[in-house]
Amino acid sequence: MSRMVESAKRKRGVLTLLNMSDQVLTTHRLRLRPFVLEDATTVQQLCNDRRIAETTLHIPYPYPDGAAEAWIAGHAQAAAEGKQYTFAITLRIGHTLVGAISLRVNREFQHAEMGYWLGAQYWNQGYTTEAAAAVRDFGWRDLQLHRLYAYAMTHNPASTRVMEKIGMQYEGTLKHHVVKWGKYVDLAAYGLVRPETSVIGGSV
Ligand SMILES: CC(C)(COP(=O)(O)OP(=O)(O)OC[C@H]1O[C@@H](n2cnc3c(N)ncnc32)[C@H](O)[C@@H]1OP(=O)(O)O)[C@@H](O)C(=O)NCCC(=O)NCCS
C-alpha cells in the first residue's frame, strides 16, 4: 500500500483489524508471539512476584490460580475486535517465556496504550526495550496507528526509561491518578505521535 493511501486511510479513521494468531514479531534476541494456554503456568510463576504487582495496576499479588488461564483466554477475542493485542515475549534462543507486552487500541482515535511486564530474573538486559520498539513499529505498520502512549508510576524509573528509549516523550504527571494498595499514586504520561517520515524497523 502506498504511503499516501495509508495516510488517507488513517485520516478516515480506518484501522486495520488483525487476527492475533498470525502475529509474530522477531527482533535480534526475541520472538514476540501470541500467548497459548500452555503458557499459563509460567505466567503464574513470573507474575507471582510482589515486585511486578507493586508497579502495575491489574496484576494481583499473590497471583491466584486460574488468573493466567482467564487472562490468556481473552486475548484472541480482544484482538479479533481490534481492542487489544498482547504478545508473549520469548527468547529466540531456548524459546523461554519471559514476559508480556500489549497495545490497548482506541480505533476511533487511532491511538493505543502500551503496557508490559517482565519476569524479575530477566530485568535490566534491554529485553523490554527491544520488545517495545518492535511493538511500536507493529503499531505504526500493521495497525496504522497515529499515536502511542503509556503511563508509569513515578516511582518506576525502569519503565519510564523503556518509554524514553523507544522515543516516547514525557507529557506530564497525573497527580494521585490511581490508588495502589490503599495509597494515591502519581502517573507519568509518555507519548509519541507517528512520525510521517519514520523508517519502520529502525532504531530502538
Ligand atoms: C519495567 C520493566 C518491564 C522493565 O523491563 P526491563 O527489561 O528490565 O527493561 P530494559 O532492560 O529494557 O530497560 C530498563 C532501563 O531502566 C533502567 N533502570 C532500571 N532500574 C532503574 C532504577 N532503579 N533507576 C533508574 N533506572 C533504572 C535500566 O538501567 C535500563 O536503562 P538503560 O538501558 O538506559 O541502562 C520491568 O522492570 C518490570 O516488569 N517491572 C514490573 C512491571 C512494571 O512495572 N511494568 C510497567 C508498568 S508501567
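**Notebook: sheet, core and ligand shell**

I began with one residue pair in this predicted model: R31 stands opposite T90, which belongs to strand 3. I then looked up the strands behind that pair, and found that strand 2 (residues 30-33) and strand 3 run antiparallel and are joined by four bridges.

I traced the order of the strands and noted an open sheet of eight, arranged 1-2-3-4-5-6-8-7, with mixed pairing. Strand 1 (25-26) and strand 7 (169-180) each have a single partner strand and stand at the edges, so one side of each is left without a neighbour in the sheet.

Entry on strand 3. I asked myself how many of the eight residues of strand 3 (residues 84-91) are buried. I found six, so strand 3 is largely enclosed by the rest of the structure. Strand 3 also pairs with strand 4 in the antiparallel sense, over seven bridges, and within this pairing I noted S102 of strand 4 as the bridge partner of T86. The hairpin that these two strands make has five residues between them, and there G94 takes a positive phi near 90°.

Entry on the core. I looked up the largest nonpolar core, which has 45 residues, and listed those with the most contacts inside it as I89, I101, A131, A132 and V135. Helix 6 (residues 127-141) gives the most to this core, namely seven residues. I picked out A132 and noted that, leaving aside residues up to four places away in sequence, it touches I101, M114, Y116, V162 and I166.

Entry on helix 7. In helix 7 (residues 157-165) I found S159, V162 and M163 buried. They cover an arc of only 100° around the axis, which means that they lie on the same side of helix 7. The buried residues of this helix pack against helix 6, strand 6 (147-153) and strand 8 (183-193). Just after helix 7, I noted that G167 takes a positive phi of about 95°.

Entry on the ligand. Which residues come nearest to the ligand? Of the 20 around it, I noted T55, T128, T129, P157 and R161. Strand 5 (111-118), helix 6 and helix 7 are the elements that give two or more residues to this shell, and helix 7 gives the most, with five. I sorted the shell residues by type and recorded ten nonpolar, nine polar and one charged.

Note on methods. Residues are numbered from 1 along each chain as its sequence is written. This is a predicted model: local features need pLDDT of at least 70, side-chain atom pairs count only at pLDDT 80 or more; totals for chains, interfaces and linings use all residues. A nonpolar core is a set of buried Ala, Val, Leu, Ile, Met, Phe, Trp, Tyr and Cys residues joined through C-beta atoms within 7 Å. A residue is buried if 20 or more other C-beta atoms lie within 10 Å of its own, exposed if 12 or fewer, and partly exposed in between; C-beta atoms are placed from the backbone. Two residues are in contact if their C-beta atoms, placed from the backbone, lie within 7 Å. The arc is that of the directions from the helix axis to the C-beta atoms. A residue is near a molecule or strand if its C-beta atom, placed from the backbone, lies within 6 Å of it. Ala, Val, Leu, Ile, Met, Phe, Trp, Tyr, Cys and Pro count as nonpolar, Asp, Glu, Lys and Arg as charged, and the others, Gly among them, as polar. Two strands pair if DSSP finds at least two bridges between them.
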